[in-house]
Amino acid sequence: MTRGERARYWQYAELPGVDLLHAHYIRKTFSRHTHETFVYAAITEGVESFHSGSELVHAGPGQIALVNPDTPHTGYAGVPEGWTYRTIYPDAELIGSIAADALGVRVPVGFTRPVVDDPYAAQLVIGVHRAAEEGNALAADSLLRLVTARMLRSHGGLLRPSAPPGAGAGDAARAREVLEERMAEPPTLERLAADLGTSPFALLRAFRAAYGMPPHTWLTDARVRRARRLLDAGTPPAEAAVAVGFTDQSHLNRHFTRSVGVPPGAYQRSRGVDLRRRGRKNVQDGSEAGS
């Protein structure tokens, strides 16, 4: 991590279904990736720039960057001094329950804008963090529900299907299934297209149209997602790297940090994962020295 940068990715046990990130980044660049959760990122200093789909947007103090599940996006500093933010990652089930309780909506919902200018809502996001840091479960839960209901009322809408129908959509879906099944040893694009009865360029176009990124980028993102689940289950980073198809732990470190914001070892420790139950007292992540 660049000198002057800092990041803490963690969970508060009394706020299930939610991850938290408090970070300051200067030269950090998030590669195009997705989350299985929603993202509420309240900017407190500087500017974050990011691509949401094909749109380039910017978020500054008093604004919130919003990302729906499975939405490809990037992230980098929009000003030389970087940006600081407090981010909440609530899972879709939690957001669905809040939408049903507060708004009476019982269909999948999400956000229609990638950036909202709402200083009060931004303070609610910051309040969730501070309440969690202080161990105030009642406040953390209450503030999360208040900010979610507020933003759904003003910027909410129905979620579109992740893979819209169209020419080649079936091939794209089948290609995704193959890549999920053969994550550690994927076929070449030419072989994948031939097995599906299409051409490589036709498959590239169809896959990008359906999932917002080409197959090789999607595969890297999927590997990081699966590695996170393995890390949560107590798998050491080196073993998780090989299991999902990265060449070694440093390969996982590089891509994991570019998607999640912290190295896998720091991520695992901050979530309180106990590696000792696997017979290991300590697992060091070699990329974290000096961070």
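A salt bridge is a side-chain nitrogen of Lys or Arg within 4 Å of a carboxyl oxygen of Asp or Glu. In this predicted model, the side chains of Glu180 and Arg176 meet in such a bridge, at 3.5 Å from N to O. By this rule the count comes to 11 salt bridges. The table gives three of them.

| Salt bridge | N to O distance |
|---|---|
| Asp171 and Arg174 | 2.5 Å |
| Glu180 and Arg176 | 3.5 Å |
| Arg191 and Asp195 | 3.3 Å |

Asp171 and Arg174 both belong to helix H4 and lie three residues apart, about one turn of the helix. Glu180 and Arg176 are four residues apart in helix H4, so about one helical turn separates them. An α-helix has 3.6 residues a turn, so residues three or four places apart point the same way.

Buried means under 20% relative accessible area. Asp171 has 17% relative accessibility, so Asp171 counts as buried. Arg174, at 41%, counts as partly exposed.

Helix H4 (residues 169-181) has 13 residues and reaches 19 Å from its first C-alpha to its last, close to the 18 Å expected. Its buried residues are Ala169, Asp171, Ala172, Ala175 and Leu179. Seen down the axis of H4, these fall within an arc of 155°, so they line one face of the helix. Helices H5, H6 and H7 are among the elements that cover them.

Elsewhere, four strands form an open sheet with antiparallel pairing, in the order S3-S8-S5-S6. Strands S3 (29-33) and S6 (55-59) stand at the edges with a single partner strand each, so one side of each has no neighbour in the sheet.

Definitions and conventions
Residues are numbered from 1 along each chain as its sequence is written. This is a predicted model: local features need pLDDT of at least 70, side-chain atom pairs count only at pLDDT 80 or more; totals for chains, interfaces and linings use all residues. Side-chain values use heavy atoms; hydrogens and water are left out. Two strands pair if DSSP finds at least two bridges between them. Helices (H or I, at least four residues) and strands (E, at least two) are DSSP runs, numbered from the N terminus. The expected span of a helix is 1.5 Å times one less than its number of residues. Buried means under 20% relative accessible area, exposed over 50%, partly exposed in between (1.4 Å probe, protein chains only). The arc is that of the directions from the helix axis to the C-beta atoms. Contact means heavy atoms within 4.5 Å.
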